[in-house]
Structure formats: structure tokens, C-alpha cells
Amino acid sequence: MKFVDHDLYLTSEDFTKRRAGLTLEAVLHSSFWHRCYLSFLSSLDSRSPRPSLDPRGMEHNLPVNVREYQELAKKALPKMHYDYINGGAEDEYTLRENIAAYGRIMLRPRVLVDVSKIDMSTNLLGYDIPSPIIVAPTGAHKLANPEGEVATSRAAAACNTIMVLSFGSSCKIQEVAASCDAIRFFQLYIYKRRDVSATLVRRAESLGFKAIVLTVDTPVLGRREADIRNKMVFPPSPNLEGLMSFNDDLGTGGGSKLERFASETLDPSLSWKDVEWLKSITSLPILLKGVVTAEDARKAVEAGVAGVIVSNHGGRQLDYAPPAIAALEEVVKAVAGAVPVLVDGGIRRGTDVFKALALGAKAVMVGRPVFYGLAARGEAGAKHVIEMLNKELELAMALCGCRSVAEVTRRHVLTEGDRFRALL
Ligand SMILES: Cc1cc2nc3c(=O)[nH]c(=O)nc-3n(C[C@H](O)[C@H](O)[C@H](O)COP(=O)(O)O)c2cc1C
Ligand SMILES: CCCCCCCCCCC(=O)C(=O)O
């Protein structure tokens with residue numbers, strides 16, 4: 001299978017290195033970093049909002065929030081890659097609303113509570129974690145850093161949190177599993193070729209992954225116009241190599257390679273029967289990712305899943321799907337405590353995590369923020385992003401008078417719906 005249009009990556013200088021005997025991978029990496037460095041340097045002009053964010057002095061002058069990491073990532077990455085990571089489907093309404101909807105929820109702090117000790121720890125599927133923030137599955141981390149998912153996985157492990165590894169990892173799953181000791185989940189799609197999905201599950205099981213996250217919001221790929229315009233190409237996807245082939249010729253119709261890959265391999269007939277099938281081939285707990293309605297949440301519980309993840313795929317699938325935080329409460333009510341409910345999409349602050357907990361989430365997943373950290377500063381950046389969010393959550397809990405996640409309740413937030421109902 002040919003995953004990368006190498007011509008789009010290589011310069012004449014790269015061809016010289018290749019002729020001198022460097023492996024293709026080594027050339028791609030050095031070329032990638034060279035371009036990142038040039039683009040970084042060229043961004044250090046007087047218009048920069050924080051000129052002090054200089055790669056040479058960065059260790060002493062770190063970004064202070066996710067948005068600053070996003071700025072750095074934008075400067076560090078080739079446009080095509082930044083657009084792929086940052087972008088969403090069609091009008092990107094859901095993408096924007098994922099973030100904006102958090103901004104419309106107000107906090108109701110309680111005062112005069114002794115908050116000298118804050119415990120953010122929680123338990124997910126039997127695993128203790130120090131905070132309810134885990135890493136969402138996102139593919140192709142080598143777009144952000146040559147160490148790819150190995151770096152992300154080490155960052156997550158350093159924070160003692162769970163990383164969900166995407167099917168589309170640009171590092172081999174074996175390499176990620178061997179990179180450090182950690183609790184890891186594996187994200188899966190159902191392919192037309194069920195044997196490929198089954199092989200991926202068996203691999204994850206044998207490498208000690210603790211759960212399968214089945215993504216169900218992608219029977220077909222959303223229309224990501226930036227990727228189509230950029231004719232987005234991907235680094236090799238080693239975990240699929242040898243398992244299936246697809247025709248990656250873009251032809252005259254344009255489009256992105258991911259679009260072509262998805263239309264050839266993903267199964268649009270995906271249904272509840274496949275959840276049953278997946279249960280029949282694995283004893284690992286299954287979390288369903290991509291549920292945004294009470295109806296589907298009830299079905300998921302009936303189907304015997306171990307958890308439900310409220311997600312609209314970071315606004316990359318169905319545009320005008322509800323913002324994730326707005327769908328959370330309806331799902332939590334429908335699930336009625338039968339299984340844990342997680343949420344992802346738009347979390348950029350500890351206060352966002354706090355709001356999700358108050359509306360009933362057991363834990364949250366973050367996608368792009370970790371990618372930004374990885375793009376800006378590699379493993380250290382990804383780790384710093386998780387640490388910052390943890391610190392922000394701790395602060396939000398203290399200022400709201402909550403000493404543990406159990407003390408974060410529905411009474412600590414005021415939603416748009418609450419304000420509307422108060423007017424009636
Ligand atoms: C670059 C990128 C790649 C992604 N790849 C996957 C994937 O392989 N599988 C999946 O289930 N979700 C994938 N997602 C969706 C994320 O798991 C998650 O739902 C989303 O990023 C959450 O929104 P946030 O980025 O605002 O945190 C991807 C998202 C991004 C931004
Ligand atoms: C064309 C080769 C396929 C390589 C896949 C890597 C990226 C996977 C991430 C897909 C996804 O869910 C997304 O939202 O993007």
C-alpha cells in the first residue's frame with residue numbers, strides 16, 4: 001500500500017541525501033524539521049503576539065495556555081498539516097461551537113470551603129488516574145513530530161494518564177506499547193474487511209491494551225474542505241501495512257488521501273450488529289465514541305458497552321451536529337449511571353473540564369491540544385499541555401469550593417438552558 005506521495009515531501013536537496021544513502025524515512029524527517037525550523041524562524045518578527053516565544057529561549061519562557069501552544073503549532077507546521085489537525089467539516093460550525101458552547105456555561109462557585117487539599121483523582125473502568133483528563137485518539141502524530149505517538153504516549157505516561165491510540169497511528173502499535181509503562185486503550189474503525197478490524201483488536205489485546213474505543217460517527221468520512229483543497233497526504237500508516245490495500249490515486253476529481261482511503265475501506269453499513277460482533281470477538285471492554293443523542297445512548301447501554309463517549313469527532317464529521325458539551329447532559333440522563341460517560345471536543349481550559357464534570361462526565365478526552373503541544377515542543381510540549389490542563393482544573397475546583405471530583409455537581413454550573421428555563 002502506498003500511503004505517501006513522496007514527491008510532495010521531497011526537495012532536490014532531499015534527493016541528494018537519498019542518493020548519498022540516507023533512508024527515505026530519515027530524509028523525510030530531516031526535511032520536515034528543516035522546514036519547521038525555517039517556518040519558525042520566519043515567524044519571529046515584530047508582529048508576533050509573543051515575540052518572546054522563541055524556540056531558542058523557549059525552555060525558560062513556556063507557553064502558558066493551550067491557545068499559545070496552538071499559535072506555536074501553527075507557526076511550526078506546514079500549512080497543509082496544520083489545516084488537517086485544526087480543521088473541521090464543511091462550514092466548521094460544529095468545530096467552532098464545540099469551543100463556544102463552553103463559553104456560554106457559567107460557573108456557580110461556593111465559598112468558605114477549606115480547599116487546602118484538592119483531589120482530582122478518579123477511576124475509569126477500574127483504573128485509577130490522577131485526574132479525569134485523558135488523551136483522545138488522533139491519527140498521524142508524525143505530522144507534528146518525528147517521534148509521533150511514541151512521544152505522545154510517553155507524555156501521557158509521565159502524567160499517569162490514559163492515552164487512546166488511534167488506528168491511524170504513524171508509529172507501530174508494538175513500538176508504542178514498548179515505549180513506556182502505561183494504561184492504553186485502542187481506537188478502532190469497522191472496515192469492510194472485518195478480518196482487518198479483528199486483526200487490529202487481537203494485536204491490541206496481545207500488546208496489553210485495556211479497552212477498545214469503537215468510533216461510530218464515521219460510517220463515511222466528513223467533508224473536510226481544507227484537506228480537499230490542500231490535497232492532503234499522510235505519513236505512512238504502519239499498522240495497516242500488509243493488511244489491506246487501497247487505490248490512493250487522487251485522479252482528476254481532487255480530494256484528500258484520507259477521503260479516498262475512507263471511501264475504499266470504511267464500511268457505511270456499520271450498525272448495532274457490528275457492536276454485537278465486536279463483543280463476540282473480544283473480552284476487552286468496549287467504549288462507543290461518537291454518541292450525541294439519548295436514543296443512541298440507551299441503545300449503547302442495551303448493547304452492553306462499557307462506556308459511552310459523547311463526541312462529534314472534534315467537528316470533523318457531521319457539521320451542525322450539536323456541540324459536544326451541549327449533548328452531554330441528555331446522554332448522561334439516558335445512561336442513568338449504567339456506564340461511565342466521557343466527553344470530548346472543544347476542551348481548552350481546566351474550567352471546561354470542570355463544566356463537563358458538573359454536567360455528568362466521568363472523564364474528558366483532549367485531542368488537538370495535545371497535538372499542538374507535540375508540534376510545538378515534542379514530548380515535553382504534549383506533557384506540558386496535559387499538566388497545564390490539570391493545574392487549571394485544580395484551580396477551578398479550588399475556586400468553586402470542590403475538594404474532589406465527587407464534589408463537583410450540577411449546581412456548580414448555569415447553562416443556557418437553565419437561564420432560558422429561569423425566564424419561563
Ligand atoms: C488530527 C485529528 C485526528 C483525529 N483522528 C481520529 C482517529 O483516528 N480516530 C478517532 O476516533 N477520532 C479521531 N479524531 C477525533 C478525536 O478523537 C476527538 O474526538 C477530537 O479531537 C476532540 O476534539 P478536540 O480536538 O477539540 O479536543 C481526530 C481528531 C483530530 C483533530
Ligand atoms: C491515507 C492513509 C490513512 C492514514 C490515516 C491517518 C489519519 C487517521 C485519522 C482519521 C480521523 O479520524 C480524522 O479525524 O482525521
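Visitor: Leaving aside its neighbours within four places in sequence, which residues is Y189 in contact with?
Guide: This is a predicted model, in which local features need pLDDT of at least 70 and side-chain atom pairs count only at pLDDT 80 or more, whereas totals for chains, interfaces and linings use all residues. Residues are numbered from 1 along each chain as its sequence is written, chains are lettered from A and ligands numbered from 1 in the order in which they are written, and side-chain values use heavy atoms, with hydrogens and water left out. With contact meaning heavy atoms within 4.5 Å, the partners of Y189 are F167, S197, T215, T218, L266 and H313.

Visitor: Is Y189 buried or exposed?
Guide: Y189 belongs to the loop between β6 and α8; here helices (H or I, at least four residues) and strands (E, at least two) are DSSP runs, numbered from the N terminus. Buried means under 20% relative accessible area, exposed over 50%, and partly exposed in between (1.4 Å probe, protein chains only). Since the relative accessibility of Y189 is 9%, the residue counts as buried.

Visitor: Which residues form one aromatic cluster with Y189?
Guide: Rings of Phe, Tyr and Trp (its six-membered ring) pair if their centres lie within 6.5 Å; planes under 30 degrees apart count as stacked, over 60 as edge-to-face and the rest as tilted. The one cluster that contains Y189 has as its other members F167, Y191 and F261.

Visitor: How many aromatic pairs does a search of the whole structure find, and what is the angle between the planes of Y93 and Y320?
Guide: The search of the whole structure gives 6 aromatic pairs. Y93 and Y320 are stacked, with a centre-to-centre distance of 4.8 Å and an angle between the planes of 20°.

Visitor: Why does the pair of Y93 and Y320 tie together parts that are apart in sequence, and how many residues apart are they?
Guide: Y93 is in helix α5 (residues 93-103), whereas Y320 is in the loop between β9 (307-310) and α13 (324-335). The pair therefore ties together parts of the sequence whose separation is 227 residues.

Visitor: What angle lies between the planes of F186 and F209?
Guide: F186 and F209 are both buried. F186 is in strand β6 (residues 184-188) and F209 in the loop between α8 (194-206) and β7 (211-215), 23 residues apart, and their pair links distant parts of the chain. The pair is edge-to-face at 6.0 Å centre to centre, and the angle between the planes is 90°.

Visitor: Which residues does the UniProt annotation "binding site" cover?
Guide: UniProt positions are given in the numbering used here, with shortened feature names, and annotations may be inferred rather than shown by experiment. According to the unreviewed UniProt entry, "binding site" applies to Y84, Y189, R224, H313 and R316.

Visitor: At what distance from the ring centre of Y84 does R316 lie?
Guide: A charge sits over a ring if NZ of Lys or CZ of Arg is within 6 Å of the ring centre and within 35 degrees of the ring normal. R316 lies over the face of Y84, at a distance from the ring centre of 4.7 Å.

Visitor: Which residues does R224 touch, not counting those up to four places away in sequence?
Guide: R224 lies in the loop between β7 and α9 (225-230). A relative accessible area of 7% makes R224 buried. R224 touches Y84, G88, A89, L258, H313, R316 and Q317.

Visitor: With which side chain does the side chain of H313 make a polar contact?
Guide: The unreviewed UniProt entry lists H313 under "active site"; the residue is in the loop between β9 and α13 and, at 14% relative accessibility, counts as buried. A polar contact is a pair of N or O atoms within 3.5 Å; within protein, one must be able to donate a hydrogen and the other to accept it, and residues adjacent in sequence count only if both atoms are side-chain atoms. At 2.8 Å, the partner of the H313 side chain is that of D217.

Visitor: What is the phi of E92, which is not a glycine?
Guide: E92 is found in the loop between α4 (79-86) and α5. At 24% relative accessibility, E92 counts as partly exposed. Its phi is positive, at about 60°.
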